[in-house]
Amino acid sequence: MTTDLARGWESINLVFKILDEDTKIEPEDQDGYMPEKITGHVELDNVHFSYPSRPDVLIFKGFSINIEAGKSIALVGKSGSGKSTIIGLIERFYDPLKGVVKIDGRDIKSYNLRSLRKYITLVNQEPTLFSGTIRDNITYGSSDNITESEIIEVAKAANIHDFIMSQKDGYETRCGNRGLQVSGGQKQRIAIARAILRNPTVLLLDEATSALDSCTEKLVQIALDRVMVGRTSIVVAHRLCTIQNCDEIVVLDRGEVVEKGTHLSLMAKGPNGAYHSLVDLQYAEDSEDM
């Protein structure tokens, strides 16, 4: 047992080292602005950014983007172009080296972060489910006075209610450790129901359908289309067919905007266009898979 004890001791030391570290981003800053509501206007202005683990690799160098309140915008591009980094900066998982990230015209650093995040919801490729019931997972992070009818309403909007009711225990069905008792598509729709229940002003979708089969993807996409209506929605997409109805599509390459417009306007640029090339490439990949 000596080897196991040594490894355990090493792990404990690492855990306490992480717990003892001071964060540079304080979520409970009492001097921070606590908004009663936000409209959802998001802006990145002249942002320079590199990840702390790779300080010598600049992801953005003077990057700017303006996202109007209530509009849906899709971010597309090759891996490493900076799509998910934008999501991380809006959530304030990181601060830019230079430049400013604004929400409703106010520097995101001036907000009380926990208060601001009440209005922002993220649905990513691998959502986190807990070992409790489906009901627990849908209501996680929401207020305590949620009614049964509200839970059923958001479950229907997320295309998961019929599956839940087909289970012996209904909404009391346990999800298992890390949600292993439900499939990827079901897990994703439970996460979407959770997002709808929070009624966010800003909805962030980071590759929310890329890990699903085509049939499940359609169900999840229908749910996403419903929840995006009337909100500022920022969609990072791998499957380009899922973002054709967005108000604007922004094509990124190496941390820069190379094209932007609607699906039709970008496709009208022909084969030499960056977006058109991505669509052609994905169509060719899909044909090979078939």
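This is a predicted model: local features need pLDDT of at least 70, side-chain atom pairs count only at pLDDT 80 or more; totals for chains, interfaces and linings use all residues.

Colleague: Which residue in β4 stands opposite His-48?

Modeller: Strand β1 covers residues 42–49 and strand β4 covers residues 98–103. The two pair in the antiparallel sense over five bridges. The residue in β4 opposite His-48 is Lys-98.

Colleague: Why is one side of β6 and of β10 left without a neighbour in the six-stranded sheet?

Modeller: This open sheet has mixed pairing and the order β6-β7-β8-β3-β9-β10. One side of β6 and of β10 (256–261) has no neighbour in the sheet because both stand at the edges, each with a single partner strand. Averaged over the sheet, with direction ignored, neighbouring strands are turned against each other by 20 degrees. The reason asked for is thus the edge position of β6 and β10.

Colleague: Which residue is the bridge partner of Val-250 in β10?

Modeller: Strand β3 (residues 72–77) runs parallel to strand β9 (residues 248–253), joined by five bridges, and Leu-75 stands opposite Val-250 in β9. Strand β9 is also joined to β10 by five bridges, here with the strands antiparallel. In β10, the partner of Val-250 is Lys-260.

Colleague: Which residue in the turn between β9 and β10 has a positive phi?

Modeller: β9 and β10 form a hairpin, and two residues lie between them. The phi in question is about 55 degrees, and the residue is Arg-254.

Colleague: To which strand does α7 run at about 175 degrees?

Modeller: Helix α2 lies across β3, β6, β7 (202–206), β8 (232–236) and β9, at about 145 degrees to β8. Helix α7 lies across β6 and β7. The strand to which α7 runs at about 175 degrees is β6.

Colleague: Which element gives the most to the lining of the largest pocket?

Modeller: The largest pocket has a volume of about 610 Å³. Of its 21 lining residues, Glu-91, Ile-120, Leu-122, Tyr-140 and Arg-198 are the closest to its centre. The elements that give two or more residues to this lining are β6 (120–124) and α7 (184–198). With five residues, the element that gives the most is β6.

Colleague: How many charged residues are in the lining of the largest pocket?

Modeller: By class, the lining has ten nonpolar and four polar residues. The charged residues number seven.

Colleague: What is the volume of the second largest pocket?

Modeller: This pocket is lined by 14 residues, and Lys-24, Ile-25, Pro-52, Tyr-94 and Asp-95 lie nearest its centre. By class, its lining has nine nonpolar, two polar and three charged residues. Its volume is about 340 Å³.

Technical notes
Residues are numbered from 1 along each chain as its sequence is written. Side-chain values use heavy atoms; hydrogens and water are left out. On a 1 Å grid over the protein atoms alone, a cavity is a set of points where a 1.4 Å probe fits but cannot get out, and a pocket is an open set with protein on both sides within 12 Å along at least five of seven lines; lining residues have an atom within 4 Å of a point. Grid points are joined across faces, edges and corners, and a volume is the space filled by probe spheres set on the points. Helices (H or I, at least four residues) and strands (E, at least two) are DSSP runs, numbered from the N terminus. Ala, Val, Leu, Ile, Met, Phe, Trp, Tyr, Cys and Pro count as nonpolar, Asp, Glu, Lys and Arg as charged, and the others, Gly among them, as polar. Two strands pair if DSSP finds at least two bridges between them. Axes are lines fitted to C-alpha atoms, for helices over the stretch in contact, and angles run from 0 to 180 degrees between N-to-C directions. Contact means heavy atoms within 4.5 Å.
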